[in-house]
Each structure stands twice: as C-alpha cells, then as structure tokens.
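Dear colleague,

Please find below the structure that I am handing over to you. My findings follow directly after it.

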Amino acid sequence: MRGMTVIVKTIASWVKVLIFVFGIYIILFGHLTPGGGFAGGVILASSYVLLMLAFGREFVQENLPSAAASRLDCLGAFLFAMIATLGLAFGGSFFVNYLYQKYLPGEPLHLVSAGTIPLSNIAIGLKVGASLFLVIFTLSVFCKDLRCKEPEADSEIGTSAGEKE
Amino acid sequence: MAIFYILLIFMIIAAIIAVETKDLLSSVICIGAIGFGASLMFLFLRAPDIAITQIVVEVLGLIILIRATISRDLTFISGDREFFGTVVSVVIIAVIFLAGMKALETKSFHEIQETRQLHPQAVALPDFGTPIYDVTPGAASQKYIQEGLEKTGAANLVASVILDFRAYDTLGEATVLFTSIIGATVILRIRSKKLLEEPE
Amino acid sequence: MPYALCFLLFVIGLYCAVVKKNMVKIVVGIMVMEYAVNLFLIMLGYRTGGEAPIIDKSHIDPETAQVAASFISSAVDPLPQALVLTAIVISLGSLALMISICIRTYGEYGTFDITEIRRLRG
C-alpha cells in the first residue's frame with residue numbers, strides 16, 4: 001500500500017499523537033465517564049491505521065511489526081485472565097473484585113476507585129487494539145490485484161519439495 | 001420522539017439503497033450512512049457508551065469493506081435470476097414480517113398493571129418509552145442501579161455491569177474476538193501451492 | 001411503532017442476505033441485520049425523559065452518600081447497553097472474517113458470484 005501526498009503526511013503525523021492520547025484517556029477513565037476498554041482499544045488501533053494509510057505499509061512494519069502486535073494481543077488476553085485468577089486466590093471466587101472489597105477501596109468518583117475495573121479496562125483495551133490493528137495490517141499485506149499468483153512458485157519446485165512449512 | 005422517526009426512516013431508505021443498487025461501492029457507502037444514523041439514535045436513546053463504540057467501529061468497518069471492494073474488477077452480475085426461488089423467498093420473508101408484527105405488539109403501562117392484578121404471571125411488551133425492567137418484578141437491573149455504586153465503586157454503571165457483575169460475558173467476548181482474528185489471519189496467509197501438488 | 005420500523009430494517013437485511021447472489025451483497029445484508037438487532041435491544045431499555053446511567057456528583061445524596069432516589073426512578077436500563085457493547089465489537093471481528101473469506105475466494109475463482117463458484121470444482 002503506497003502512501004499519500006506531503007500535506008496528508010504532515011497532518012497525519014500531528015494528528016496521530018492526539019488520537020493515541022485520546023484513546024488512552026478513554027480507556028483509563030472508563031469507570032467514570034462513558035467509554036471503557038472496547039471503545040478505547042478501537043481508537044488506539046485506528047491511530048495506527050491512520051499511519052498506515054498516510055505513510056504506506058512498510059513504514060508501519062518498521063514502527064510496529066506484526067509479530068510484536070500479535071504478542072501484545074496475547075499479553076492483553078493473558079493479563080485479563082490473570083486478573084480473574086488472582087480473584088480466585090485472594091477473594092474466593094473467580095472474578096471477584098478483591099481490590100475494592102479488601103485492599104484498596106479508594107473514594108468513589110475519583111481515578112483510584114472501583115478496584116480491578118480500571119485494570120481490566122487496560123487489559124481489554126490492549127487486546128482489542130492489537131487485534132484490530134493486526135487484522136487490517138494482514139488485509140493490506142495480501143496482494144490486491146485480480147488473480148493472486150503466488151510469487152516465484154515456479155522456480156522453487158525442486159528446492160521446496162521436501163520442506164515442511 | 002420525532003427525531004427517532006426521522007432517523008429510523010433515514011436508515012430504512014439507506015438500507016433499501018444498499019440492497020438494490022448494482023454498484024458495490026455505493027452499497028458500502030450506504031452501510032456507512034446506516035452506521036452513523038445508528039450512532040445518532042444511540043445518543044438520543046441516552047446510551048453514550050454505545051454511541052462512542054458504534055462510531056469508531058463503523059469507521060474501521062468501512063475501511064475493511066472498502067479495502068475489499070475498491071480494487072477488484074467490479075463485474076456486474078447479470079443473467080437469469082431464478083424466478084421461482086426469488087418468489088418463494090419473498091413470500092417466506094413476508095410471512096416472517098407479519099409474524100414479527102404480531103409478536104411485537106405493545107401494551108401501555110396501565111393496561112399491564114391492570115392485567116397483572118387478575119393474572120399475576122402475565123407478560124407483555126410495554127410501549128416504547130417504558131423500560132422493560134419496570135414491568136418484570138425482580139429484574140436484575142433494579143439491583144444494578146441501586147447497589148452499583150456501593151458494591152463496585154464505579155460511577156459508570158455500564159462498566160460495572162460488564163466488568164464486575166457480568167464479567168463472564170466479557171471473557172467470552174474476548175475469546176470470540178481472539179478466535180475470529182486468528183481465523184482471518186490464517187485465511188489470508190500466502191503459502192506456496194506447488195508444495196501441496198508435488199507427488200511425494 | 002418504532003419497534004415496527006426496526007423490525008422492517010431487520011427484514012430488509014434478511015431479504016438481502018437470502019436473495020442476492022453477489023458475495024459482498026450478502027455480507028452487506030448481514031451487517032444491516034446486526035445494526036437492526038443492536039438498535040432494537042437499546043430501544044427496549046429506553047425511558048421517556050430518562051437519564052444516562054452514569055452517576056455524577058449531583059446524583060449523590062450529601063447526607064447518606066448513597067445514590068439519590070430521583071436518579072433511580074429516572075435512569076435508563078444499563079443491562080441492554082452492556083450486552084450491545086460486546087455485540088458491536090464482535091460484529092467487527094466477524095466482518096473481518098467474512099471479508100477475508102470473500103477476498104480469498106476472489107483470488108481463487110476470479111468472481112464474487114456464488115452460483116459460479118458452485119460449478120467450478122478445483
């Protein structure tokens with residue numbers, strides 16, 4: 001995917017920072033104002049999609065490679081499951097809000113409150129953002145011409161006959 | 001209440017255009033129009049969480065759909081349309097529509113309360129404007145609104161419902177999203193096909 | 001009456017998903033059905049003159065530090081909103097899967113028509 005003109009590139013490089021910070025704000029204040037992990041994660045993914053549309057796919061491949069994105073995705077899912085399992089260890093049942101009920105109640109309507117809810121929001125936001133960035137990146141890697149011939153498939157018959165993928 | 005009817009009729013007109021036009025890019029743009037209309041409806045229905053999520057998901061969905069349709073050779077599908085199959089489908093869909101109209105009949109709040117004095121187990125769909133937890137005794141939403149702040153400490157009641165009272169649903173949603181993204185990544189993998197056709 | 005219009009939107013999407021032969025049109029029909037269902041679920045929980053289910057400083061009783069009774073009697077239902085929130089994000093994931101199937105099929109057969117795909121084998 002090629003990039004766009006100079007005007008689009010300049011504006012995109014200023015705006016993507018604002019979109020990223022806005023996404024982090026929506027995730028972090030999800031227990032006080034409307035938003036939450038899902039909307040914030042999608043906003044984080046869309047800041048990288050803006051980068052990909054304006055600068056081309058190779059630029060984003062160096063910035064955030066797809067292997068790193070899939071690892072962030074797994075890390076987010078693992079964090080969410082870990083928060084739930086620690087509820088089993090500290091509280092008594094699987095998803096109990098142990099931070100609010102025992103250790104760190106905080107005050108309502110402040111940032112530090114509601115126990116494990118902001119931590120779960122962060123894990124979900126990380127997971128959803130990395131997943132959606134990965135799927136749009138994979139869609140753009142796939143060749144976009146008409147009939148997709150496999151590259152150099154004819155010259156590799158002899159060498160790749162015994163290889164496993 | 002007039003704004004609801006205006007937005008719903010706008011969405012229905014956009015849906016009819018999306019279904020009937022022959023150009024694929026026009027249908028995709030009409031899907032975008034339906035999504036924006038839905039987001040405005042959510043804002044007027046007092047659901048700001050859902051409106052934010054719908055707008056950003058709509059934008060990413062449009063990018064995915066346009067990616068699929070804009071660079072393909074847009075051949076207009078023509079040819080004989082299998083007249084008998086189309087007529088049978090339209091008749092069945094008309095029957096489904098009439099059945100749905102009968103099932104979604106609404107009663108006003110006073111009628112439901114009067115009927116409930118005679119038959120305590122009667123259920124009916126209330127009019128638009130009365131939430132459904134007002135007519136079902138012992139509904140869970142009563143407890144979520146009354147005790148949400150003191151049991152979870154979160155000011156956003158929707159966040160307290162999805163991450164504390166009903167966190168298993170969020171776990172299931174994370175699993176479904178994970179699986180569908182893995183499926184999409186596996187389908188779009190480029191691998192050499194000559195490897196599979198080569199005799200061992 | 002608004003429920004009837006919402007169900008009409010669902011039936012239009014169902015017609016498109018069943019009758020059309022272009023694969024991308026079928027995906028468009030499924031998306032219209034998903035929008036209609038999400039809209040119907042949120043419309044079930046609406047209260048005329050209600051407020052969004054988010055607690056502010058003005059809703060807390062100063063003496064008892066509990067939620068004021070005026071908020072309890074005028075809030076809209078938070079439960080359908082929680083269910084629809086996950087449904088919207090799942091619809092995006094399933095859209096990505098459907099479009100990747102369409103793109104891959106176009107790469108193999110060169111067409112989006114489902115009747116032709118049935119007749120070409122291998």
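Helices are DSSP runs of H or I with at least four residues, strands are runs of E with at least two, and both are numbered from the N terminus. Residues are numbered from 1 along each chain as its sequence is written, while chains are lettered from A and ligands numbered from 1 in the order in which they are written. The model is predicted: local features need pLDDT of at least 70 and side-chain atom pairs count only at pLDDT 80 or more, whereas totals for chains, interfaces and linings use all residues.

I begin with a loop in chain B. B:Arg46 is found between α2 (24–44) and α3 (48–69) of that chain. Its phi is near 60°, a positive value in a residue other than glycine. B:Arg46 is buried, because 22 other C-beta atoms lie within 10 Å (buried means 20 or more such atoms, exposed 12 or fewer, partly exposed in between, with C-beta atoms placed from the backbone).

Chain B is divided into domain 1 (1–69), domain 2 (95–137) and domain 3 (138–188); such bounds come from an automatic or database domain assignment. The C-alpha centres of domain 1 and domain 3 of chain B lie 24 Å apart.

Chain A has six helices and zero strands. Of its 165 residues, 41% are buried.

Turning to the interface, 48 residues of chain A and 39 residues of chain B take part in the contact (two residues are in contact if their C-beta atoms, placed from the backbone, lie within 7 Å). On the side of chain A that touches chain B, α2 (37–55), α4 (66–90) and α6 each supply at least two residues, and α6(A) gives the most, with 12 residues. That side divides into 29 nonpolar, 14 polar and five charged residues (Ala, Val, Leu, Ile, Met, Phe, Trp, Tyr, Cys and Pro count as nonpolar, Asp, Glu, Lys and Arg as charged, and the others, Gly among them, as polar).

Helix α6 (residues 117–141) of chain A packs against helix α8 (residues 167–187) of chain B at an angle of about 20°, with the axes 10 Å apart. Axes are lines fitted to C-alpha atoms, for helices over the stretch in contact, and angles run from 0 to 180 degrees between N-to-C directions. The two helices, α6(A) and α8(B), are therefore roughly parallel (an angle under 35 degrees). Among the residues making this contact are A:Ile124 and A:Leu134 of α6(A), and B:Phe178 and B:Ile181 of α8(B). The residues of the contact comprise nine nonpolar, three polar and one charged.

With kind regards

Note on methods
Parallel < 35°, antiparallel > 145°, perpendicular 65-115°, else oblique.
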